[in-house]
Amino acid sequence: MEQQQALKLLNSILSEIETEDFSSLREVDGKIKETRMVLSGCDLQLLSDEMNSDLDFSANSRRVRLEALANYVRSAIRYLATETGHNHQNIQSIEERDEEPFEIIEHICTRFHLIAKQLSNRYADRDTLLCEDEYDVQDLLHAILHLHFDDIRKEEWSPSYAGGCSRVDFLLKDEKIIIEVKKTRKSLTTKVLGDQLIIDSEKYRTHPDCKKIFCFVYDPESSITNPRGIEKDLYKHEEDFEVKVLIVPKGH
């Protein structure tokens, strides 16, 4: 399938998702199947594979499945629009959609596993960046953030908390957002992870340039049980402060 044709089909699917009322899960699943066929036919098999492992498509909720599908379709449209230079009126950049910085970060992290997998599949097994530890994840995320943000401060010191100072992984000074990065490992149990994120959010809250904290947990082995429960429990939204946790990918 030619990319122009795929782009047209994906825009049509997105329009249906955003405007039509799907009355049953069967109708939603039909649209999911249609999307996978389009992706598989235009060199976006990795994105289709990612959909196959996304548990949002197993949720007993039309809304959850449709929201997940819309996100994948938008990602595919952005990619194909860049590849073809197509200027369809329904295709807009992140900036044109006026997305908030927090939403941009969430979008990047949601697609992070797909990017990491693609980098591991290089021509003739050439050297690449494999996300084997937290520093690898930070390096790759840092590079991607430069697509959307200018002032990215790495390992910024935070003020004293409980008698000691600590470093934040990334500070977006203009946006007043701190990004904390974790990568799962055998010693990082679900309980330990939760405790660390709670402590980190309280420490970083004292930073003078922090109004929001985004905690990105990369879990390629899907070792965290009940990731959505952790995200929900640790989410905090107050008048002048917000904490959001995103675990990717979700294997449970």
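**Helix contact.** I began with the residues where two helices touch. F112, I115, A116 and L119 in α6 meet V137, L140, L141 and I144 in α7. Contact here means heavy atoms within 4.5 Å.

**Basis.** This is a predicted model: local features need pLDDT of at least 70, side-chain atom pairs count only at pLDDT 80 or more, and totals for chains, interfaces and linings use all residues. Residues are numbered from 1 along each chain as its sequence is written, and side-chain values use heavy atoms, with hydrogens and water left out. Helices (H or I, at least four residues) and strands (E, at least two) are DSSP runs, numbered from the N terminus.

**Helix geometry.** I looked up the axes next. α6 spans residues 112-119 and α7 residues 134-145; they pack at about 105°, with axes 11 Å apart. The axes are lines fitted to C-alpha atoms, for helices over the stretch in contact, and angles run from 0 to 180 degrees between N-to-C directions. α6 and α7 are therefore roughly perpendicular, the term for 65 to 115 degrees.

**Strand β6.** How many residues of β6 are buried? In this strand (residues 241-248), 8 of the 8 are buried, so β6 is largely enclosed by the rest of the structure. Buried means under 20% relative accessible area, with a 1.4 Å probe and protein chains only. I checked both faces. F241, V243, V245 and I247 are buried on one side, and E242, K244, L246 and V248 on the other. In a regular strand the side chains alternate between the two faces of the sheet.

**Partners of β6.** β4 (residues 212-218) runs parallel to β6, joined by 7 bridges. Two strands pair if DSSP finds at least two bridges between them. I noted that I213 is bridged to V243 and F216 to L246. β5 (residues 236-238) pairs with β6 in the antiparallel sense over 3 bridges. E238 has F241 as its bridge partner. β5 and β6 form a hairpin with 2 residues between them.

**Strand β4.** I then followed β4. 6 of its 7 residues are buried. β3 (residues 177-183) runs parallel to β4 over 7 bridges, and I177 stands opposite K212. β3, helix α8 (residues 190-204) and β4 make a right-handed β-α-β unit. Right-handed means that, with the strands pointing away from the viewer, the path from the first strand over the helix to the second runs clockwise.

Terms used:
Angles under 35 degrees count as roughly parallel, over 145 as roughly antiparallel, 65 to 115 as roughly perpendicular and the rest as oblique. Buried means under 20% relative accessible area, exposed over 50%, partly exposed in between (1.4 Å probe, protein chains only).
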